[in-house]
Amino acid sequence: MNELVLTLGWLGIYAPMALGAAASAVGCAIAGQASIGAMTETEGGYGRFVGVSAFPSTMVIYGIVIMFTLNRDVTPENAGGLFGIGILSGIALMYCGIWQGRACAAAINATKEKPEIFGLSLAPAAIIEGFGVFAFVFALVISAGIS
Amino acid sequence: MSDRDAYIALISSLPGSERLFIAKQPPLSRLRLERRLTALTPEDARVLKVLEHALNWSDYDMDVTDSQAIQRCKDALRDIPQPTLREVFTERMDLRTAVAALRLRHQGGSPPSGSFGLGRWSRHITANWSDPTFKLDGPMPWMKEARQLLDAKDPLGLERLLLSVSHKQLKRHAARHYFDFEAVAIYVLIWNIFDRWAQSNAQDAAKRFEHLAQQAMAGAAEIDFDGATA
């Protein structure tokens, strides 16, 4: 039984990093495809498209920081806490990254037609980033209570 | 339901469908569109071909009978698995059935027995044959205007009204699809409307006629009416 609990603890430590990496990979791929498509249709502004398509890469950074914060000796007493915080923050980061990628793809597609809305079109992606930051910050705050 | 992110790059590489109607020059030729559509999977390309084949009038023979056309549409409907595209197809069939009924009655045709055409209103139309709009004002508010244009013998105006109605229907469906196959198919159908719209542009047609007439007149100046050209 103890082995299972310890395994869950280690899973919780690494989950934010793994799920954050998956989120960034999928999100950047979605937005990146949109930027490639837009480049074939427009005459300029390619740098902006590439820049926007890299937005979801922040999720893996948050995941790495959470992983280092949770990283400690895993004991039967703290394994449950590590598992809960790690898995749930990882899932939150994963959803934020994937949907941020979709929001960035929509922004790129819209900006291609109307370059003047570039800033405004990024608002949904920025708001999703905010939710990712919430998951990140409060994972750090809560993890301070784990022995 | 298609993969929602299946065609992100393809959709992003197409000019916005609104731009098709406001640009002075066509922003996307059929050749370029076809080249972009090579990104479709074989199955999606097949479904799109079935959809276009059943909806494009140019794909029908001039002497096609009603039953052959209806059968082709029924076959097409069986081959389209996406609910949204089936809905798009059914709406277009409803529109065509209603307009065909208007035209038939305008020509003095007798009310058909049983059902007429294809779609949800085929029996409703025959049951309400004597009503000016077949009592379809609710689901098809454009029927009254279509009947007026038909009575006024304005086929170009009627064509434009129908294209406008079809465009609105497609835009309504497009609002729920961004980067999936349905979005691609709806874009292609809107492009087809744009193409028909451009062909029915009276001003352009007049300019083209004038250009052709001038060409013909220029050629006529070189003709020796005794039979030999200069």
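In which helix of chain B is Ala9(B) found? Ala9(B) lies in helix α1 of chain B, where helices (H or I, at least four residues) and strands (E, at least two) are DSSP runs numbered from the N terminus.

These legends describe a predicted model, in which local features need pLDDT of at least 70 and side-chain atom pairs count only at pLDDT 80 or more, while totals for chains, interfaces and linings use all residues. Residues are numbered from 1 along each chain as its sequence is written, and chains are lettered from A and ligands numbered from 1 in the order in which they are written.

**View 1. Ala9(B) in its surroundings.** Ala9(B) counts as buried because 21 other C-beta atoms lie within 10 Å; a residue is called buried if 20 or more other C-beta atoms, placed from the backbone, lie within 10 Å of its own, exposed if 12 or fewer, and partly exposed in between. Leaving aside residues up to four places away in sequence, Ala9(B) touches Gln33(A), Ala34(A), Ile36(A) and Gly37(A), contact meaning that the C-beta atoms of two residues, placed from the backbone, lie within 7 Å. Ile193(B) is 184 residues from Ala9(B) in sequence, and the two C-alpha atoms are 23 Å apart in space.

**View 2. The contact between chain A and chain B.** Here 13 residues of chain B are in contact with 14 residues of chain A. Helix α1 (residues 8-12) of chain B gives the most to the side of chain B that touches chain A, contributing five residues. By class, that side of chain B has eight nonpolar, three polar and two charged residues, where Ala, Val, Leu, Ile, Met, Phe, Trp, Tyr, Cys and Pro count as nonpolar, Asp, Glu, Lys and Arg as charged, and the others, Gly among them, as polar.

**View 3. Helix α6 of chain A.** Chain A has six helices and zero strands, and 49% of its 147 residues count as buried. Its helix α6 (residues 123-143) has 21 residues and reaches 30 Å from its first C-alpha to its last, close to the 30 Å expected at 1.5 Å a residue, the expected span being 1.5 Å times one less than the number of residues. Ala125(A), Ile128(A), Glu129(A), Gly132(A), Ala135(A), Phe136(A), Ala139(A) and Ser143(A) are the buried residues of α6(A). They cover an arc of only 115° around the axis, which puts them on the same side of α6(A); the arc is that of the directions from the helix axis to the C-beta atoms. The face turned away from this buried side carries the exposed residues Ala123(A), Ile127(A), Gly130(A) and Val141(A), whereas the cover over the buried residues includes α1 (2-41), α3 (58-70) and α4 (79-113) of chain A.

**View 4. Helix α10 of chain B.** Helix α10 (residues 181-199) of chain B has 19 residues and reaches 27 Å from its first C-alpha to its last, close to the 27 Å expected at 1.5 Å a residue. Among its buried residues are Phe181(B), Tyr187(B) and Phe194(B). The buried residues of α10(B) pack against α1, α2 (17-22), α4 (42-55), α6 and α9 (155-174) of chain B.

**View 5. The meeting of α6 and α8 in chain B.** Ala98(B), Val99(B), Leu102(B), Arg103(B) and His106(B) in α6(B) meet Met143(B), Ala146(B), Arg147(B) and Leu150(B) in α8(B). By class, this contact has six nonpolar, one polar and two charged residues.
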